[in-house]
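Subject: Structure handover

Dear colleague,

I am passing on the structure below, followed by notes on what was found in it. Please read the notes with the structure open beside them.

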Amino acid sequence: AGSVYVPTVVLAGLTADGIEYTAVQVGSPNSQSFGDGHCPLGEFRVLATVSYRHANPLAIAKKALGEFTDVVDEIYPELEDEGGIAAFVTYGTIASQLALKDSITKALTSIRGENGAP
């Protein structure tokens with residue numbers, strides 16, 4: 001039997017005084033029934049987190065993301081071969097989420113360009 005796919009999700013948060021990236025593997029379905037499906041997943045595994053307090057956290061978002069990806073690569077080098085990151089989930093105010101999404105998109109685009117990928 002083949003191995004079960006366990007998606008890895010990145011939680012990315014930006015507040016007025018800090019930034020955080022956390023990689024979480026979302027595991028098996030919850031074996032207990034909670035009626036309306038309020039808790040459909042029963043297992044979470046935090047792989048890595050990088051966070052900083054900063055007066056202008058958006059200014060260090062790319063640096064923090066670079067450090068975060070380095071930590072994840074060191075801890076879980078097979079991630080790319082096992083499907084990579086399934087999703088980025090942002091949190092914070094709507095404005096901060098949009099700003100962080102733009103920063104993440106620019107950072108990932110520059111990484112893709114450095115690696116020669118289309």
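Tyr21 stands opposite Val50 in β3, where helices (H or I, at least four residues) and strands (E, at least two) are DSSP runs numbered from the N terminus. This is a predicted model, in which local features need pLDDT of at least 70 and side-chain atom pairs count only at pLDDT 80 or more, while totals for chains, interfaces and linings use all residues. Residues are numbered from 1 along each chain as its sequence is written, and side-chain values use heavy atoms, with hydrogens and water left out.

β2 and β3 run antiparallel and are joined by nine bridges, two strands being taken as paired if DSSP finds at least two bridges between them. Four strands make up an open sheet of mixed pairing, ordered β3-β2-β1-β4; its edge strands, β3 and β4 (85–91), each pair on one side only.

α1 lies across β1, β2, β3 and β4 and runs at about 150 degrees to β3 (contact means heavy atoms within 4.5 Å; axes are lines fitted to C-alpha atoms, for helices over the stretch in contact, with angles from 0 to 180 degrees between N-to-C directions).

The largest nonpolar core has 20 residues, and Tyr21 is among those that touch the most other members, as are Ile19 and Leu100. Such a core is a set of buried Ala, Val, Leu, Ile, Met, Phe, Trp, Tyr and Cys residues joined through side-chain atoms within 4.5 Å, buried meaning under 20% relative accessible area (1.4 Å probe, protein chains only). α1 gives the most to this core, with five residues.

Best regards

Conventions:
Buried < 20%, exposed > 50% of the residue type's maximum accessible area, 1.4 Å probe, protein only.
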